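Please open the structure in your viewer and keep the selection tool at hand. We will go from stop to stop, selecting a few residues each time and looking at what surrounds them.

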Amino acid sequence: MPRVVTSNEWNRIEEGLKQRITALNLFLRDIYHDGRILTDGVVPREVVYSCRHFRPQMRGLQVPRNIYVTVAGTDLIRTHTGEFVVLEDNLRVPSGVSYMLTSRMVMKRLFPQLFRQCGVRPIEHYSQSLLATLRSMAPEGRPEPTIVLLTAGVFNSAYFEHAYLARQMGIELVEGRDLLLHDNIIYMRTTTGLRRVDVIYRRIDDDFIDPLAFRSDSILGVAGLFNAYRAGNVTIANALGTGVADDKAIYAYVPKIIKYYLDSDPILNNVETYLMTDPSDRRYAIENLDKMVVKAVGESGGYGMLIGPHSTAREREEFRQRILADPRNYIAQPTLRFSRAPCLIDNGFEPRHVDLRPYVLFGDKVSIAPGGLTRVALRKGSLVVNSSQGGGSKDTWVLNQ
């Protein structure tokens with residue numbers, strides 16, 4: 001059963017996402033260079049500098065075209081009022097796009113005539129749009145860049161997606177051991193010798209990408225990669241240090257960030273968010289844990305989270321202690337009534353909660369595949385749509401009219 005989004009709804013989503021990624025790129029450029037937004041007190045310095053994804057090594061480093069976020073996956077939900085709001089931003093290594101593409105491929109084989117009759121917007125061009133975006137990020141003087149997708153390997157939960165995207169784009173899928181550094185240039189080992197690499201679409205976290213610059217115990221990355229990156233000889237997409245902007249505490253400031261850089265109000269609103277570093281917010285959240293959703297600011301995949309209405313007294317007490325011990329690590333939001341969609345469960349149709357993750361590409365231009373990944377909370381009554389927590393997915397149809 002596809003999830004249907006009307007043309008008018010999608011147009012608003014598209015404009016809102018373009019606005020959001022533009023502002024977040026400006027924010028990242030600012031905090032790693034001039035820091036105007038920090039000096040002006042719009043975003044507190046301590047919130048940025050205490051973020052575990054902030055990379056001091058990126059200060060003053062010029063990234064190609066000042067684009068830090070090349071690929072974003074923003075999670076949206078539709079509230080009971082019918083409005084789409086942003087639940088969170090995924091700006092480091094957003095996953096799931098392969099499920100969007102394979103779901104569409106299966107649905108078109110099952111219902112080819114229905115697609116023609118309904119006027120569903122195509123998404124099959126995503127892989128080539130991603131490839132064109134990565135090409136546009138190549139270092140100067142490399143008109144025919146070599147692009148690779150860097151994976152953690154076959155034991156990574158998203159390895160299927162890494163292999164799928166590399167195959168779709170016609171680029172090499174590599175692990176850290178396939179790359180080496182020489183004279184501040186990254187090379188790929190091939191059967192015909194070494195080949196220079198210009199753009200790395202990385203699908204591993206900052207911590208593991210270079211044992212000389214970050215975690216010394218990492219065997220997943222490439223020793224010296226950061227030196228080549230700093231010298232401008234290779235582009236890494238997304239840029240290192242982008243995790244600051246998808247920290248869930250920074251999320252609360254995104255409307256102010258949009259206003260500061262673009263002098264406009266957000267097209268897509270945030271969910272009301274309580275910062276646990278604020279004494280009054282913390283007090284209110286702790287007193288109402290049974291009604292709140294509490295999230296660890298740096299976690300993903302549905303981990304480090306308390307859903308108040310579905311929790312036990314013991315779980316709420318545990319989270320109360322966690323919040324008091326480390327308030328910077330948590331935010332709280334009201335439990336939302338968000339939309340459900342019909343799903344084929346066993347032999348009948350049942351409603352399940354869904355969210356929507358559109359994929360945004362930022363290069364020469366901003367492009368968004370119409371639709372995105374609709375994630376489904378398959379367990380009855382569950383609000384958690386993450387696949388790692390038992391969630392599923394469905395095809396998303398954006399109509400032409």
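## A helix and its neighbours

Begin with helix α7, whose buried residues pack against α4 (97–110), α6 (126–136), β4, β5 and β9 (199–202). Bear in mind throughout the tour that this is a predicted model. To find the residues in question, select 159–169, which is helix α7, and then pick out E161, H162, Y164, L165, A166 and M169, the buried residues of this helix. Just after α7, select G170 as well, where the backbone takes a positive phi of about 75°.

## The open sheet

Which strands form the open sheet, and in what order do they lie? Colour β5, β4, β9 and β10, and you will have the 4 strands of this open sheet in their order, with parallel pairing. The edge strands are β5 (172–174) and β10 (235–237), each of which pairs on one side only. If you turn the view slowly, look for the twist, which averages 30° from one strand to the next.

Now stay with two of these strands and select residues 147–150, which make up strand β4; this strand and β5 pair in the parallel sense over 3 bridges. Within this pair, show L150 and look across to V174 in β5, which stands opposite L150.

## A buried asparagine

Next, select residues 84–90, which form strand β3, and stop at N90, which lies in this strand. Is N90 buried or exposed? N90 counts as buried because its relative accessibility is 12%, and the cut-off for buried is under 20%.

Show the side chain of N90 and follow its polar atoms to their partners. One polar atom of this side chain lies 2.8 Å from the backbone oxygen of G73, and the side chain of N90 also makes a polar contact with the side chain of D75, at 3.2 Å.

## An enclosed space

The structure holds 4 cavities of 30 Å³ or more, and about 50 Å³ of space lies in the second largest cavity. To see what lines this second largest cavity, select V47, A249, Y253, L275, M276, T277, P327, R328, Y330 and I331.

Note on methods: Residues numbered from 1 in each chain as written. Predicted model: local features only at pLDDT ≥ 70, side-chain atom pairs only at ≥ 80, totals over all residues. Heavy atoms only, no water. Pairing = 2+ DSSP bridges. Helix = DSSP H or I, 4+ residues; strand = E, 2+ residues; numbered from the N terminus. Axes fitted to C-alpha atoms, helices over the stretch in contact; angles between N-to-C directions. Buried < 20%, exposed > 50% of the residue type's maximum accessible area, 1.4 Å probe, protein only. Polar contact = N/O pair within 3.5 Å; in protein donor to acceptor, adjacent residues only side chain to side chain. 1 Å grid on protein atoms, 1.4 Å probe; cavity = no way out; pocket = protein on both sides within 12 Å on 5 of 7 lines; lining within 4 Å. Points joined across faces, edges and corners; volume = space filled by probe spheres on them. Contact = heavy atoms within 4.5 Å.
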